[in-house]
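This report concerns a structure made up of protein chains.

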Amino acid sequence: MGEISLKLNGELETRDVADNTLLVDFIREHVGLTGTHVGCDTSQCGACVIHLDGVSVKACTILAKQAVGADITTIEGLADGDELHPMQEAFHENHGLQCGFCTPGMVMSAVEMVNKNKDISEDEIREGLEGNICRCTGYHNIVQSVKAGAAKMGGKN
Amino acid sequence: MYSTKYVKPNSTTEALEAIKSLGDGKFLAGGMTLIPTLKQRLASPDGLVDLSGCKLDSIAEEGETLKIGAMARHVSVAESAVVKKVIPALAKLADGIGDRQVRNRGTIGGSVANNDPSACYPSAVLALKATIHTNNRSIAADDFFTGMFETALEDDEIIESISFSKPTKANYVKFPNPASRYAMVGVFVAQFGDEVRVAVTGAGEGGVFRHQEMESVLSSNFSADSLSSVNIDSDGLISDLHASAEYRANLIKEMTKRAVV
C-alpha cells in the first residue's frame, strides 16, 4: 500500500492504493471515472485505452504506480467543457458506434494516431486500430469517423 | 494478481540492490508480457523492480554498431531516424510488433530477456550478430538464447543495451498470427559482405534459431530462387492450434524468399 498522486485530466488525484492496483482500477474504482472501460482485461480489446503523456496505452496493462509523474488523459478529459473534441464530434456525426462499449478506447486511439499523423490514410487508420476490438464489428463507420475526425483536426485526406 | 511490492529505482545499481532485497523479485520493463502474466496468476514475484527510471533508453550509432538501450520502446525504435538510416529492417520489425499500444510501452530489452519463441526481436539479435550488454558482462547473441523463454541471463542481471552490427543489407518478413500479431514465423536475413545470417522466430520448439543451410546457400548466391532446392525439416518445429510443424516449415522457406530482395 502507499499513497500516490496521479495527474488525471489536469487534476491531481491522491489515493491510497495497493502496489498491484492497475491504472484502470485507479481511474474507475478509486477516482470514479467510468468512461474508461474494461472489456477483456487481457490486453487485447483496447476498451481501456487512455493517454499517458499523450501516448495511447492500455490502462489494464499498467500499474497505477507506473503512471506516477505522467499526465493522464481519459475520455472524460477530451471535451472542452460542453464542446466535444473534434474526434468525438466525428464519431457522433458518422454513427461510429453500435453498442458503444468500445467507443472510449476507439476515440482515444484515434486521437493519438491523428495527433501523430494528421494526413492519415484509411490503411493507416485500420492498422492503427489493430489494438481496438469492436464486438459489434462496426468497423466501417468507426474508420469513417476517424477519417472525418482527422479532417476536422486539420488533415488533408 | 497476487499482492506484490513495486519499486522504481533511479539507476541500475539501485535496481540491483532492490532485487537483492527481495526474495523472488522480477525486473519490470514495459510490462506488456509480465503484467498479463501476473494478472493470470502465472507468476507470483514478491516484488517488481521497474527499470523505467534507470535511463536505459538511448539509441545511437557507435562505430560499426547501432546501440539501443534496453528500455527503448518499440515505438522509439520504429520512429528513430538513426535506426531508419543505419538498419531500416530493425525499424520495420519494431513497427510490426503487437498493436500501437503495445509498441508504445513494450521495450527491446524486455522482449529479448523474455525470449518468447514467437517474439520478433530475438531474430534480429541473432541475425545481426548483436552483443547483449548487461550490468556485468557482454554476451554474444549466439550464446544468449538458450531455449524457449530461456536466456543466458542470471536472475539478478540487467540488460543495459544491445549493440547490433551494421549489415550490408537486411530484411525482416513475418507471417503474423492474425489475432495476436505475434510471428507464426518470422525470418530475419542479414548480409555482411559474403556472410549471410538467417534467423527464424515463431517456429522452433527451442525458440529462435539460425538456419545454417539457407545461410550457406544465400552466401554463395543471394537470391530467392537459390532457396528452391533447400528442404526445411519440420523436426523440432512448433505444432499448435495455429499451424502444424509442416506448415511452419513451408512458411520458413516462403518468408525467407520474401526477405531476400
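This is a predicted model: local features need pLDDT of at least 70, side-chain atom pairs count only at pLDDT 80 or more; totals for chains, interfaces and linings use all residues.

**Aromatic rings**

Over all chains, the structure contains two aromatic pairs. In one of them, B:F144 and B:F145, the ring centres are 5.1 Å apart and the planes stand at 90°, so the arrangement is edge-to-face. An angle over 60 degrees is what places a pair in that class. Both partners are buried: B:F144 has a relative accessibility of 0%, and B:F145 has a relative accessible area of 13%. Each value is under 20%, the limit for a buried residue.

Rings also take part in contacts with charged side chains. The charged end of B:R41 is placed over the ring of B:Y2, at 4.2 Å from the ring centre. In the case of B:K129, the charged end lies over the ring of B:F192, and the distance to the ring centre is 4.4 Å.

**The second largest pocket**

Which residues lie nearest the centre of the second largest pocket? They are A:L52, A:D53, B:S52, B:R73 and B:R105, from a lining of 22 residues. The space in this pocket amounts to about 460 Å³. Among the contributors to the lining, β4 (55-58) of chain A supplies at least two residues, as do α3 (74-79) and α6 (100-105) of chain B.

**Polar contacts of two buried residues**

B:T107 is found in the loop between α6 and α7 (108-114) of chain B. With a relative accessible area of 3%, B:T107 is buried. A polar atom of the B:T107 side chain lies 3.0 Å from the backbone nitrogen of B:G110.

In chain A, the loop between α1 (23-30) and β3 (49-52) holds A:S43. A:S43 is likewise buried, at a relative accessible area of 16%. The side chain of A:S43 is joined to that of A:T61 by a polar contact of 2.9 Å.

**Positive phi values**

Most residues other than glycine have a negative phi.

| Residue | Phi | Loop of chain B |
|---|---|---|
| B:F149 | about 60° | between β8 (145-147) and β9 (150-151) |

Is B:K55 buried or exposed? At 63% relative accessibility, B:K55 is exposed, because the value is over 50%. B:F149, at 42% relative accessibility, counts as partly exposed. The figure for B:F149 falls between the limits of 20% and 50%, which accounts for that class.

A:M1 is located in the segment before β1 (2-8) of chain A. A:M1 has a relative accessibility of 67% and therefore counts as exposed. From C-alpha to C-alpha, A:M1 and A:M106 are 32 Å apart in space, with a separation of 105 residues in sequence.

Terms used: Residues are numbered from 1 along each chain as its sequence is written. Chains are lettered from A and ligands numbered from 1 in the order in which they are written. Side-chain values use heavy atoms; hydrogens and water are left out. Rings of Phe, Tyr and Trp (its six-membered ring) pair if their centres lie within 6.5 Å; planes under 30 degrees apart count as stacked, over 60 as edge-to-face and the rest as tilted. Buried means under 20% relative accessible area, exposed over 50%, partly exposed in between (1.4 Å probe, protein chains only). A charge sits over a ring if NZ of Lys or CZ of Arg is within 6 Å of the ring centre and within 35 degrees of the ring normal. On a 1 Å grid over the protein atoms alone, a cavity is a set of points where a 1.4 Å probe fits but cannot get out, and a pocket is an open set with protein on both sides within 12 Å along at least five of seven lines; lining residues have an atom within 4 Å of a point. Grid points are joined across faces, edges and corners, and a volume is the space filled by probe spheres set on the points. Helices (H or I, at least four residues) and strands (E, at least two) are DSSP runs, numbered from the N terminus. A polar contact is a pair of N or O atoms within 3.5 Å; within protein, one must be able to donate a hydrogen and the other to accept it, and residues adjacent in sequence count only if both atoms are side-chain atoms.
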